[in-house]
Amino acid sequence: MKHMKTISIAALLSGMIIPATNQISALPLLQNDTPTPFSFETWRAGQQANEPDFHVQSIDANTLVIRQSLRDTFEAPFMYLIFGMDKAVLIDTGVKSTSLRRVIDREIDIWLSANQKSSIELIVMHSHGHGDHVGNDYAFKSRPNTIVVGHKPEEVAKFFSIADWPTDLASLELGGRSITVIPTPGHHPSHVMVHDPMNDILFSGDMIYPGKLYFQCAKADTYMQSLNRIIEYAEKEDIKWLLGGHIELPSNSNTAFPFNQKSRENEHQLALPVDILNRIRIALNDMSDELVVKEFQDFTLFPHPATPQGKQPPNWCNE
Ligand SMILES: [Zn+2]
């Protein structure tokens with residue numbers, strides 16, 4: 001059974017996809033040290049025991065990035081709050097906390113007052129349904145003028161009117177700006193990326209971020225199909241940067257910070273240049289014979305068995 005699965009993954013990686021080399025020139029080959037257009041201060045990384053539960057920074061006046069404190073949770077997920085003139089969208093709600101709702105309410109109040117408005121509808125959606133991205137949904141379910149999207153693929157597809165999951169896309173008009181929701185299953189069945197055309201960004205969730213890119217061994221083909229679709233989309237839409245759900249790498253090493261470490265030095269920058277997509281595809285292609293856990297610059301491919309108990313990486317997909 002496992003052997004047959006390996007063969008089917010190998011066939012997929014080596015045969016069915018477009019050769020990576022044909023695609024490289026189409027995406028801008030930004031180098032890792034290319035300055036980002038985002039003027040983020042260094043993200044708080046748990047050095048102070050009393051740091052606030054959430055760190056809010058802005059990409060622009062209508063696009064905010066919120067990070068949960070490492071002191072609160074070693075996952076320290078990133079969330080994104082996007083304002084149009086009629087609707088706001090919150091991507092992810094992090095790990096359960098007593099204060100996210102208050103932080104989001106405060107940011108919405110600041111935005112309303114700056115834009116001389118009295119209210120705005122809030123849509124709470126998710127990059128995917130894992131617990132570190134949906135943990136504060138409870139606090140938004142009773143919020144006035146707010147919709148909380150479900151976590152299952154069929155619920156996400158229904159809300160955004162995605163007719164054919166995962167190959168269709170959906171655009172959501174927010175008033176003066178829109179976002180596009182792109183199904184990208186692999187890490188999780190309901191995983192999506194969100195395109196913000198105003199900033200040439202893909203909010204890439206847990207499929208792509210500077211850290212361990214987790215997918216079940218048996219889901220490698222699903223992950224690769226999503227990667228191929230997103231590469232095609234990124235070329236067409238001139239995506240420049242990917243902002244994901246976590247930072248797990250230092251800036252000066254390809255080895256992730258220790259699991260559960262609550263204070264870090266020298267984290268990798270959050271934004272990854274779009275050529276990361278091709279680099280991940282090449283790395284997966286090079287694994288066409290055998291899926292293994294392996295470190296690369298800016299990311300670690302982390303295929304893992306559905307039940308890893310009793311098995312050890314890096315070769316645990318092939319046992
Ligand atoms: Zn996560």
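Predicted model: local features only at pLDDT ≥ 70, side-chain atom pairs only at ≥ 80, totals over all residues.

Reader: OK, what does the protein chain average in pLDDT?

Author: The average is 90, and 89% of the residues score at least 70. That's the predictor's confidence in each residue, from 0 to 100.

Reader: And where does pLDDT stay under 50?

Author: Over residues 1-26. The model has 29 contacts beyond four places in sequence for that stretch; a contact means that C-beta atoms, placed from the backbone, lie within 7 Å.

Reader: How many helices and strands are there?

Author: Seven helices and 15 strands. Both are DSSP runs numbered from the N terminus: helices are H or I with at least four residues, strands are E with at least two.

Reader: What share of the residues is buried?

Author: Buried residues make up 42% of the 319 in the protein chain. Buried means 20 or more other C-beta atoms within 10 Å of the residue's own, with C-beta atoms placed from the backbone.

Reader: New topic, strand 3. Why is it largely enclosed?

Author: Six of the six residues of strand 3, residues 78-83, are buried, so the rest of the structure largely encloses it. Phe78, Tyr80 and Ile82 point one way, while Met79, Leu81 and Phe83 point the other.

Reader: Which strands are joined to strand 3 by bridges?

Author: Strand 2 (residues 63-68) runs antiparallel to strand 3, with five bridges, and Thr63 has Ile82 as its bridge partner. Strand 4 (residues 87-91) is also antiparallel to strand 3, joined by four bridges. There, Leu81 sits opposite Leu90. Strands 3 and 4 form a hairpin with three residues between them.

Reader: Now the open sheet: what's the strand order?

Author: Six strands in the order 7-8-9-10-12-13, with mixed pairing. Two strands pair if DSSP finds at least two bridges between them. At the edges are strand 7 (170-173) and strand 13 (271-273), each pairing on one side only.

Reader: And what joins strand 9 to strand 10?

Author: Three bridges, between residues 192-196 and residues 201-205, and the two strands run antiparallel. Asp196 stands opposite Ile201 of strand 10.

Definitions and conventions: Residues numbered from 1 in each chain as written. Buried ≥ 20, exposed ≤ 12 C-beta atoms within 10 Å, placed from the backbone. Contact = placed C-beta atoms within 7 Å.
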